[in-house]
Amino acid sequence: MRALFVGGTVDNSELDFDSGEPPLHYPPDTGSGTQRYRLHHVGLREGSMVYVVYAAADLADTEVERVAEERGYARRFQAQPQLQV
């Protein structure tokens, strides 16, 4: 699965995750107790996660959704976005 980042110092960066459940925060353990990125939504295709979007902790949901739409993540991966709560 592909991890995509919106906002913060690694905005518009990507990396590959091994299959499985993505962590709720990235990086999972910063040592400071403050998480830099939170899992915003996942992209599902035929019931499988093909991408995940991490957003900077202080970024509003509406801004993350706008940027993800602008960058065409769902279209690129032919997937349906599912918000994570």
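Does E46 count as buried or exposed? At 80% relative accessibility, E46 counts as exposed (over 50% relative accessible area is exposed, under 20% buried and in between partly exposed, with a 1.4 Å probe and protein chains only). This is a predicted model, where local features need pLDDT of at least 70, side-chain atom pairs count only at pLDDT 80 or more, and totals for chains, interfaces and linings use all residues. Residues are numbered from 1 along each chain as its sequence is written, and side-chain values use heavy atoms, leaving out hydrogens and water.

Most residues other than glycine have a negative phi, and most peptide bonds are trans. E46 has a positive phi of about 50 degrees and sits in the loop between β4 and β5 (48-56); strands are DSSP runs of E, at least two residues, numbered from the N terminus. N12 also has a positive phi, near 70 degrees, in the loop between β1 (2-6) and β2 (14-16). Then there's the cis peptide bond joining Y26 and P27, with omega about -10 degrees.

## Aromatic rings

There are eight aromatic pairs (Phe, Tyr or six-membered Trp rings with centres within 6.5 Å; planes under 30 degrees apart are stacked, over 60 edge-to-face, the rest tilted) in the structure. The rings of F5 and Y54 have centres 5.6 Å apart and planes at 20 degrees, so they're stacked. That pair links strands β1 and β5, 49 residues apart in the chain, and both partners are buried.

Y26 and Y54 have ring centres 5.9 Å apart and planes at 50 degrees, so this pair is tilted. F5, F17, Y26, Y37 and Y54 form one aromatic cluster.

Key
Helix = DSSP H or I, 4+ residues; strand = E, 2+ residues; numbered from the N terminus.
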